[in-house]
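Load the model in your viewer and keep the selection tool handy. We'll begin with the whole chain and then zoom in.

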Amino acid sequence: MAKILVLVVVVLLVAWLLIGRRRSPPDDAAAPPRSGRAKKPDPQALLACAHCGVQLPRAEALFDAAGRPFCSDAHRLAGPR
Ligand SMILES: [Zn+2]
């Protein structure tokens with residue numbers, strides 16, 4: 001009797017694991033916040049100054065009209081090199 005009980009518990013555990021695995025991929029694919037976050041530019045992403053090439057976080061970069069990143073206003077006014 002104990003063997004049957006263990007077998008039932010194992011079968012239920014396997015079924016639960018299989019259902020859990022089947023559910024997780026659609027949840028990942030249909031998660032709009034994650035895809036929305038991916039489209040948003042990462043403020044911590046490093047950009048190279050178009051004038052001197054120094055790496056700086058996107059949040060600290062200055063952009064010219066063409067969207068090129070610069071490390072400072074002086075380099076932005078000097079333009080890309
Ligand atoms: Zn620069």
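Color by pLDDT, the predictor's confidence in each residue, from 0 to 100: the chain averages 81, and 73% of its residues reach 70 or more. This is a predicted model, where local features need pLDDT of at least 70 and side-chain atom pairs count only at pLDDT 80 or more, while totals for chains, interfaces and linings use all residues. Residues are numbered from 1 along each chain as its sequence is written.

Now switch to cartoon. You'll find 3 helices and 4 strands, in the order α-α-β-β-β-β-α along the sequence. These are DSSP runs numbered from the N terminus (helices: H or I, at least four residues; strands: E, at least two).

Next, select strand 4, residues 69-70, and pick out P69. Is P69 buried or exposed? P69 counts as buried because 21 other C-beta atoms lie within 10 Å. (Buried takes 20 or more such atoms within 10 Å, exposed 12 or fewer, partly exposed anything in between, with C-beta atoms placed from the backbone.) Of the chain's 81 residues, 10% are buried.

Show what P69 touches: beyond neighbours within four places in sequence, its contacts (C-beta atoms, placed from the backbone, within 7 Å) are L47, C49, A50, A61 and F63.

Finally, select C49, A50, A61, F70 and C71, the largest nonpolar core. Such a core is a set of buried Ala, Val, Leu, Ile, Met, Phe, Trp, Tyr and Cys residues joined through C-beta atoms within 7 Å.

Technical notes:
Contact = placed C-beta atoms within 7 Å.
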